[in-house]
Amino acid sequence: MWFVQFSITYVLLSSFSHGSYVPSEQRPRHHHFVVNHHGSAIDLGSHETAHKPSLLKVGVKKPASLTEVQDDLKPRSAMFAQESFTDEDGDRYNVHDTADCPHGWRLVTGFQDCRKAALGFQKTFSGLEAEGSARRGCQYRHRLGEEPRLFFNTIAPTSDAAISTQKSWPVCVRSPQSSQLLVEKGVFRAHEEAEAEAEDDGHHHVDPKKIKIFCFAWTTWQTGAYALLPEVRRAMDKCDGHAIFSNELPTGVNKSDVIAVSLPEQQTPPTDARYLYHRNMVGLMPTWDHILKSNIADDYDWLVNIEFDHMMIPSKLRNMIAEYTNRLENGKIDEQLSVNKSMMLMFGNAFLFNAKMLRQMREEWPTLGKVAPPSEEAKGCPMWMKGKMEWPDHCSQDVAYPTMVTMMKINVPAYGDAGCGHKPDRFPLPCYELQSGYVAESGLDQVHLAMQMAVVQGMADEEAAKTAYKGSQLEQFAKALFDSKDVPLIHHFNDALARKVARELMDP
């Protein structure tokens, strides 16, 4: 079951002229509706707003001066009257004309929730625009001469020209204090009813031991990759199936689990340390081509795409998949309904694809599988990245995969966070980032950090960690160390000896 809210504005067109007074009886009236999956419209009432010229319409003419530009982009409360909708759980989404969400509202910080907001506002979702420290959540952005769009972690403009011609505002959400009014209007069902339907659909508590995973990674054979290969293999041996993909077979080592795929020639040669730097989708596209056409991963519940500098603990990975799935089954109604459909999980910069998504990708591969030709700067990058973040210089997986799900013919929900070290809303932390400031500032090298991560495995909770480290040089890092306890993935773990120590202590 799904609902989309929209607004209908009744307008006397003859009254619309700059600077003219519009009588109250002729002012635009916004009627808010929620449309359910049967196509029925539920009127949530109307309100009246005084008309002010807005940039929400198509065909905006560029003002003559910088002052006029800045004035035309000033936020105004009436401007966002129609940018509001209520989902079937009763959560109210709105665009606010302030720098931050007002009291009682919270910023939309989930990738999937931002996609939902775009659908509810009937605006284009332009996907991920920034990663790392530039994390601004869901933003409603408007550039002069363009229709407004929603971006996730949109980059704040820095140049005078950009500041003067575009503005962005936060997309905020508020949960209802009482759901009675919405129930009476038929906006959403009680969670108990939804959960009962979920049980009828075969939903159940997921047993992590029964989850079958196929793990794969793409790599080039630089010196570091050879050093990490033994530990990568020991981890992947604990998956139910695995494969390592590269542009060529390694030399002097076992090649039995390595599959070589053909890549278009790049400006930087394979022997260069920066070969495919931030362009690993150039290698992953032919990797997916092989996976989809050879059927080697068809007998698994989830495909897990990691990088060589991830330390992976498969038992914890299965636990985390089960935890995410169980939370979705008991989450918002649209989350409950997504569990048995195509789905992607974002565990930092490791990505997981369920079996139904694998089949959907295979069906759409004639389109999804197209890459930029050798004559273009983006050669080898997926064509669905064209015009998106990083194009044409880069196409890294942590930007490309969140973009891909927005480009597929059938909506594919994506839960989690595409940045390692960032805890998603309502979900546990899946990826521990060794280069995060709160970890790096401890001063521990990776071997000693591995030892401390092993120590916290036996601690019951964060308070126990604070007690254990009290009075020591690591006292202020007690929480940061404890955060590593249950995570299945540790990123930038590129010291081969430290990886060995960590495995022997935490995943023997």
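In the predicted model, A217 has I306 of strand β14 as its bridge partner. This pair belongs to the contact between strand β11, residues 213–218, and strand β14, residues 302–306, which run parallel and are joined by five bridges. Both strands are part of an open sheet of seven strands with mixed pairing, in the order β13-β12-β11-β14-β17-β16-β18. The edges of this sheet are held by β13 (258–260) and β18 (414–417); each has a single partner strand, so one side of each is left without a neighbour in the sheet. On average, and with direction ignored, neighbouring strands of the sheet are turned by 20 degrees against each other.

Two helices that meet this sheet can be described in turn. Helix α7, residues 281–294, lies across β11, β12 (241–246), β13, β14 and β17 (350–354). The direction of α7 is at about 145 degrees to β11. Helix α10 also packs on the sheet, where α10 touches β14, β16 (344–347) and β17. Between the directions of α10 and β17 the angle is about 85 degrees.

Helix α10 spans residues 355–368 and includes E364. The side chain of E364 is buried but takes part in no salt bridge. With neighbours within four places in sequence left aside, E364 is in contact with M408, K409 and I410.

A second open sheet consists of three strands in the order β15-β20-β19, again with mixed pairing. Here β15 (311–312) and β19 (431–433) stand at the edges with a single partner strand each, so that one side of each has no neighbour in the sheet. Strand β20, residues 489–491, pairs with β19 in the parallel sense over three bridges. Within this pairing, E433 stands opposite H491 of β20.

An antiparallel pairing is found between strand β4, residues 84–86, and strand β5, residues 92–95, which are joined by three bridges. T86 has R92 in β5 as its bridge partner. The two strands form a hairpin with five residues between them. In the turn of this hairpin, G90 has a positive phi of about 90 degrees.

Key: Residues numbered from 1 in each chain as written. Predicted model: local features only at pLDDT ≥ 70, side-chain atom pairs only at ≥ 80, totals over all residues. Heavy atoms only, no water. Helix = DSSP H or I, 4+ residues; strand = E, 2+ residues; numbered from the N terminus. Buried < 20%, exposed > 50% of the residue type's maximum accessible area, 1.4 Å probe, protein only. Lys, Arg positive; Asp, Glu negative; His and termini not counted. Salt bridge = Lys/Arg side-chain N within 4 Å of Asp/Glu carboxyl O. Contact = heavy atoms within 4.5 Å. Pairing = 2+ DSSP bridges. Axes fitted to C-alpha atoms, helices over the stretch in contact; angles between N-to-C directions.
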